[in-house]
Amino acid sequence: MAGRGRGGKTGTLTAEQMAMLGCTKDLPVQTAPPPTFPPVLNRPTTLETTATQNYQLLWKEDFLNRMKDSPYYIVSANQDSQSQEHKDWREKAIERMKLKTQPEFDYKSMPRELNLSSRKRRTADVRPKLLAKKTNIEDRLKILEQKELKTGGAEEDEVKQESDSEQEEEQDDPEAAMDEEMDEENDYGNTYFDNGEAYNDDDDNLDDGPVY
Amino acid sequence: MSADYSHLCSAILEQCFGKVVQLVADCLFSATTRSLSQIASSTKLSRKEVALALAVLVKYRLVDFSASQQNPFLAEYALRREDVLCLLRYPRYVHLVQAKYGNVGASIAEELINSGSDTATGILVKCLTEGENKSESAESYRNSFLQMITDHYIIKKPELLSSDETDEVIPKFETNECDYYRHPNIDLQLLAKIRKGEATVSEAKDGHMVWTLNYDRFHQDFRDSIMIDAIERKLGENAAECFRFILKIMYNTTDPWQRKLSNQVTFVEIKQTIEKKSNNLDLMKYLDQYISLITDDSLGFLRRVGDMGGGLFVVDMEKSFESLAFACVESVITERFGSKAARIFRVIRCKKYIEQEDLQKEAMIPSKEAKSLAYNLFQEQFIHVKIIKKPGGGSNGPAKAFYLFQVREKDTVRMLLDVSYKSLYNTIERSNFEKNEHKGLIEKSQRLDSIVETMKERGESDEYIAEIVETFTPPECEILKKVKNRIKTLSKAELTLDDTIFLLQMYQHHCTTLPTGIRKFK
């Protein structure tokens, strides 16, 4: 590496310097992982229990048990179903007894979005509507199938029938249709959809080449 | 806020409110504010679950909400990180109230803890119907409640502003500092009617006044008792009583959470108060001597600042918590590294900056031992090294530098606080592990206990009961006993650790300018 910088030092350390840093040639070879916990050098002092501490310990245990049984101890639905599988009928019955206590929230002093009960009305409306629609589709599919078997080339009629039945449904309950749209809770216009195909449509003929 | 504190908060919330609340709080801990949909998307929980968890956290005053700056109809939630630790201090709060106001006060505090916050009538009805001291009259409950408000243990929550719109998206509150401790109008006749079922709580006139526990007032008492206990251990009971009166006088003119020094207190004031309120003749006779004893002591709790009115004094909060916190640090060092290491630590603190060679001479410890102890302390970050480089040195060899040991007090305390958070987290986790590991055994013993109890109530024969008890085999008994002992020791460690954490937090409040959890009128 001649000609680079001043030369001389190459950046490696001499054996003497390595020894000063504690690196000797015969380093012990590590064959096993280090222990999980460092060894305890001194035994910790034992704690004395005073009457005050006893009171606090008992109270705390009681408090934690109370919290666990309270409706404010929330377990997610997945976990709940998993744990239910391992329980016998007696435990399930006890759990059901506990569930009777309803949480009390002062929703007036909380943001409205946290109040789930205020939304119940809307969800209750939507569900039966959806079910009704589902059964209609199934029924209609059956009818259509039968028709298809009978007459092969009456496609136009089918289309007409289908659109008719949809219109009927909407006429049945226009509010429900609105509700469904509003349910998304955003201001996105569902009826408007632009797939981008129309973009630059007008200019198409211009792309062919320059017009002189 | 360290990662250790975040883990601790997470474990505490899981213990009290379950997994869902824990996930929501974890999400809030890592951000300043978050909206409901943001939380739902980052925790992957359903909107319903997140809303319920947030409602629980708001109820227990662990989450604040405000309207977003960009969109006034969007609520943003923030976790009160410092208040999560208060959940662990509930037993101490209840014990303090029990000592001051008896069982009636304790059951009021308990109901306030259980419900987070409630109206006075609501709390008293719950105490009278569900509490353990049903025999107590409604009047005694009312008096205790009002007394607790007067003593600032209970505080009124900011009042809800009623607007014309009945269904406001984000409620607004009115804060009025003069109004926090105004007594509510508790109607005893209505209370009686509610108990009989002839009326409902909503008919009460105090429906707009919602009360809750004032954590800062409890912390003020804990802080005072730390100081008074220290004086009692060092200078005796009379000096401790004298200091208690000084603190009482101090609070007449000083904000309890003033950081550094109190306002001035005169000797005459102290003397008059003690003569009025104390029966301790010794204290009255030698008051000046007791005061000079406290002033001259190395703890530095009290400082004489003038001669007006027989002597002007200030309570030096900064100095007192510095001495107390470092007494704690030293005892930690003694327990971990031995008394010689503690001596080295004291020498370094006393000299401010000291070189390795001088250190072993000053501490009078053989050089090799002193070196290893100092390096151990350095490794664990109890002491720090300041490097002063001498300019020049030339091209040959490294520049000459001095390596001086020093104690950066704030850093040392912060490190110890983090270690305490970590060990408290470990204690809680270990305790949970023990409970889970022996869940079957613990549940079996509980079931057996309840069976035996019902059998005793029914008056079954002792032989039959003994037969039932024997279903719990001796080895099982032994394991259960061991597990219970272990859990009890861990719970005791939790209490003791919280004492240390509280002391170090007080150091941070009084000796630094760091923001602490103590806010006036939370």
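Predicted model: local features only at pLDDT ≥ 70, side-chain atom pairs only at ≥ 80, totals over all residues.
Residues count from 1 along each chain as its sequence is written, and chains are lettered from A in the order in which they are written. Local features need pLDDT of at least 70, side-chain atom pairs count only at pLDDT 80 or more, and totals for chains, interfaces and linings use all residues.

Q: Why are α1(B) and α2(B) called roughly antiparallel?
A: Helix α1 (residues 3-17) of chain B and helix α2 (residues 19-29) of chain B pack at about 155°, with axes 7 Å apart. Angles over 145 degrees, on a scale from 0 to 180 between N-to-C directions, count as roughly antiparallel, so these two helices are roughly antiparallel to each other.

Q: What makes the contact between α1(B) and α2(B)?
A: Residues are in contact if their C-beta atoms, placed from the backbone, lie within 7 Å. On α1(B) that gives B:S6, B:C9, B:S10, B:L13, B:E14 and B:F17, and on α2(B) it gives B:K19, B:V21, B:Q22, B:A25, B:D26 and B:F29. By class, there are 6 nonpolar, 3 polar and 3 charged residues. Ala, Val, Leu, Ile, Met, Phe, Trp, Tyr, Cys and Pro count as nonpolar, Asp, Glu, Lys and Arg as charged, and the others, Gly among them, as polar.

Q: What makes up the side of chain A that touches chain B?
A: The contact takes 29 residues from chain A and 40 residues from chain B. Helix α2 (residues 51-69) of chain A gives the most to chain A's side, with 10 residues. That side divides into 16 nonpolar, 9 polar and 4 charged residues.

Key
Helix = DSSP H or I, 4+ residues; strand = E, 2+ residues; numbered from the N terminus. Parallel < 35°, antiparallel > 145°, perpendicular 65-115°, else oblique. Contact = placed C-beta atoms within 7 Å.
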